[in-house]
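Open the structure in your viewer and keep the selection panel handy.

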Protein chains: 6
Amino acid sequence: MPSLIEYKEASAEVRAVYDDIMATRQTDSVNNFWKALANHPPTLRRTWERVKTMMGGEGAIDPLVREMIYIAVSVTNNCTYCIATHTAAARSKGMSEEMFGELMAITGLANETNRLANGYGVEVDEQYRS
Amino acid sequence: MPSLIEYKEASAEVRAVYDDIMATRQTDSVNNFWKALANHPPTLRRTWERVKTMMGGEGAIDPLVREMIYIAVSVTNNCTYCIATHTAAARSKGMSEEMFGELMAITGLANETNRLANGYGVEVDEQYRS
Amino acid sequence: MPSLIEYKEASAEVRAVYDDIMATRQTDSVNNFWKALANHPPTLRRTWERVKTMMGGEGAIDPLVREMIYIAVSVTNNCTYCIATHTAAARSKGMSEEMFGELMAITGLANETNRLANGYGVEVDEQYRS
Amino acid sequence: MPSLIEYKEASAEVRAVYDDIMATRQTDSVNNFWKALANHPPTLRRTWERVKTMMGGEGAIDPLVREMIYIAVSVTNNCTYCIATHTAAARSKGMSEEMFGELMAITGLANETNRLANGYGVEVDEQYRS
Amino acid sequence: MPSLIEYKEASAEVRAVYDDIMATRQTDSVNNFWKALANHPPTLRRTWERVKTMMGGEGAIDPLVREMIYIAVSVTNNCTYCIATHTAAARSKGMSEEMFGELMAITGLANETNRLANGYGVEVDEQYRS
Amino acid sequence: MPSLIEYKEASAEVRAVYDDIMATRQTDSVNNFWKALANHPPTLRRTWERVKTMMGGEGAIDPLVREMIYIAVSVTNNCTYCIATHTAAARSKGMSEEMFGELMAITGLANETNRLANGYGVEVDEQYRS
């Protein structure tokens, strides 16, 4: 595992991203994910810019729903880190235990029925083709 | 690919499911997915019961959001059939082109950042552990 | 898509593999999979040797069960080619429609419950740790 | 990670499922998986009913083979919890070390050849199309 | 499937991206991928900027190697579109048939051994832990 | 988790593989991966032979590039063991921190754009079809 880059040892470029993360999220610490990406500053900067805009900026989808979509993908891919952090984010935005339960159930159902469609080799119905 | 079981050749058990699908969805046809599953009636019945309840029944998550969660998983798994049919369902429930665009962008972002977390072997931050 | 290497244009090295495939399977043709791999003879040879031994040779698991295991993986990964050819192989070894239906149902169930375990972050019970 | 719901704090609905799990499996404890799902009782109930029927009920596929199919999927998806518990279940139903080794080898082979078929873009042979 | 946005019907924002794609790649056409993303201009722009920089800009990894890394992922995920277009790109940058064969073989090997490591639950050796 | 087979308790067949691993890699120890596979000697032998040839033998692709391809797949599949050991191997063959950062970024990008192509159902452009 690569080292985590702490603020005090970070370059100016990395500090600028850390500062923006803390200002945007109104916290005084930075998650391990960003400290790991700081090993490659261009990836840190590009990833943060997109996460900031796409998860927190203006948009047609409600921010809580964005978190639930993110969780559905992370659960499908089994990314423990991503599940833990985005579940916390979703809860802070109002996800109840019941909503999390339904999110898991639908994620499970889709993973199941995706395979039933694969296995039976079902062809797309005429009316759903473009 | 297995044959699709049409209504007129279906057993009473299968017809009962088909009837419920058509009544619930207020259409007079049944999608290929169900006609393929009808090759194994217990799977047809169990799958329909869960899809009916979980995608269309009462719940804490809005039905359109359920479809978007379903699509995020199907896109991650690359299930062409599931993407085509549930995108149509989501559009019929109000998903705009912009919402679909954001759904794809977030699904893509999560698939990307899941791998960054994997590759850098990031450990879950203290505060997100139970 | 790369070209398929037909017998008459194949090198001696490739022909030797094709001959062994046809002799082992008692057919007079070679599937597209092998004709594609023939673009890289070492991969063709190594892959055939392992498929021959592992799917068809002596072993503790019944050959039909081996095919069903292979199908479960291919359905999970959505490999259309692999599903089509190994489903045919399994049917030729005795898999009934009902067995295929159960195989799909269990494959779907596992894909679902894998995600429930991921999403809830369930820790392995004491008694199942080594 | 969500809390695990213990029997003494569980609702009547959850206790009924726990009781059925313990009676069916003839044990006096319930695995962490079920205690986690108990955070969303409908998912607990629906999942248990299907696992009970599909893994343990009547069927055309031998119960040990069902476990091996389940393991093949869980290994492909890298679900540590599912691998640990179902490997234990399979061993209790008679899976030998040699059988487990072959199961792993076939699961690995399928994961490999699935990608060879993907990468070479092999088209399904005429005779395997429906 | 969403419609493909052609140049003549595109907005100024989309045309600017198309112009940059054609100028960068020195061609007079734009691939379907970009025409599809143009349905959501912010995703089109963000994706192109990153592809342009990361696949074609300055870097420590040779551009042909970048394409091979991209192909290895796409083959693992079974993205037919991505495999077709990036295999063409890699060939245009010098990938021989033999190199492609080795790329497929290594991609297959990793997909196989990943599962052997999963299934046997192998713990990381002391010396590889950070 | 199965037991790890140590040299002193290993059969002659297993010892022969261990000896070859240590001689090839010029070390006096064997990784846990091989000690786990030793529970099924044929899988140990076949896997080692292929890893030895494909990762370390003659070939058209540079050995460091082979490791990076292997890492891209392992990160996509989230195989912690494989990521840890092959990242170490790649670093010992000259992979810099910057190269690792770019490898992660490209792996992430491909995982993202694979899903954009899936979700928009993009058809392969005429010129990339064989």
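**Before you start**

This is a predicted model, in which local features need pLDDT of at least 70 and side-chain atom pairs count only at pLDDT 80 or more, while totals for chains, interfaces and linings use all residues. Residues are numbered from 1 along each chain as its sequence is written, and chains are lettered from A and ligands numbered from 1 in the order in which they are written.

**Stop 1: the domains of chain A**

Select chain A and colour residues 1-58 as domain 1 and residues 60-122 as domain 2; such bounds come from an automatic or database domain assignment. Taken over C-alpha atoms, the centres of these two domains of chain A are separated by 25 Å. Four residues of domain 1 of chain A are in contact with four residues of domain 2 of chain A, where contact means that the C-beta atoms of two residues, placed from the backbone, lie within 7 Å. On the domain 1 side, the residues that touch domain 2 of chain A are two nonpolar and two polar, with no charged ones. For these classes, Ala, Val, Leu, Ile, Met, Phe, Trp, Tyr, Cys and Pro count as nonpolar, Asp, Glu, Lys and Arg as charged, and the others, Gly among them, as polar.

**Stop 2: two helices of chain A**

Stay in chain A and select helix α4 (residues 63-77) and helix α6 (residues 97-119), which pack at an angle of about 50° with their axes 10 Å apart. Helices (H or I, at least four residues) are DSSP runs, numbered from the N terminus. The axes are lines fitted to C-alpha atoms, for helices over the stretch in contact, and angles run from 0 to 180 degrees between N-to-C directions. α4(A) and α6(A) are therefore oblique to each other: angles under 35 degrees count as roughly parallel, over 145 as roughly antiparallel, 65 to 115 as roughly perpendicular and the rest as oblique. α4(A) passes α6(A) in a right-handed crossing; a crossing is right-handed if the near helix is turned clockwise from the far one by less than a right angle, and left-handed if anticlockwise.

Now show side chains. From α4(A), pick Met68(A), Ile71(A), Ala72(A), Val75(A) and Thr76(A), and from α6(A) pick Leu103(A), Thr107(A) and Asn111(A), which make the contact. By class, this contact of α4(A) with α6(A) has five nonpolar, three polar and no charged residues.

**Stop 3: chains A and B**

Bring in chain B. Copies are superposed by least squares on the C-alpha atoms of residues with pLDDT of at least 70 in both. The same surface serves both copies, since 100% of the contact residues of chain B recur in chain A.

Highlight the contact itself, which takes 53 residues from chain B and 53 residues from chain A. Which helix of chain B gives the most to the side that touches chain A? α6(B) does, with 16 residues. By class, the chain B side has 31 nonpolar, 16 polar and six charged residues.

**Stop 4: inside chain D**

Select helix α1 (residues 12-25) and helix α3 (residues 41-56) of chain D, whose axes lie 9 Å apart at an angle of about 20°. α1(D) and α3(D) are therefore roughly parallel to each other, and α1(D) passes α3(D) in a left-handed crossing. In α1(D), show Glu13(D), Val14(D), Val17(D), Asp20(D), Ile21(D) and Thr24(D), which meet Pro41(D), Leu44(D), Arg45(D), Trp48(D), Lys52(D) and Gly56(D) in α3(D). This contact of α1(D) with α3(D) has six nonpolar, two polar and four charged residues.

**Stop 5: from chain D to chain E**

Next, select helix α6 (residues 97-120) of chain D with helix α6 (residues 97-119) of chain E: their axes come within 8 Å and cross at roughly 155°. That makes α6(D) roughly antiparallel to α6(E). α6(D) passes α6(E) in a right-handed crossing.

**Stop 6: chains C and E**

Finish with chain C, which superposes on chain E (RMSD 0.0 Å) by a rotation of 120° with 0.0 Å of shift along its axis. That is the relation of a three-fold axis. The contact takes six residues from chain C and six residues from chain E. On the chain C side, one residue is nonpolar, five are polar and none is charged. Only 17% of the interface residues of chain C are also interface residues in chain E, so the copies meet through different surfaces.
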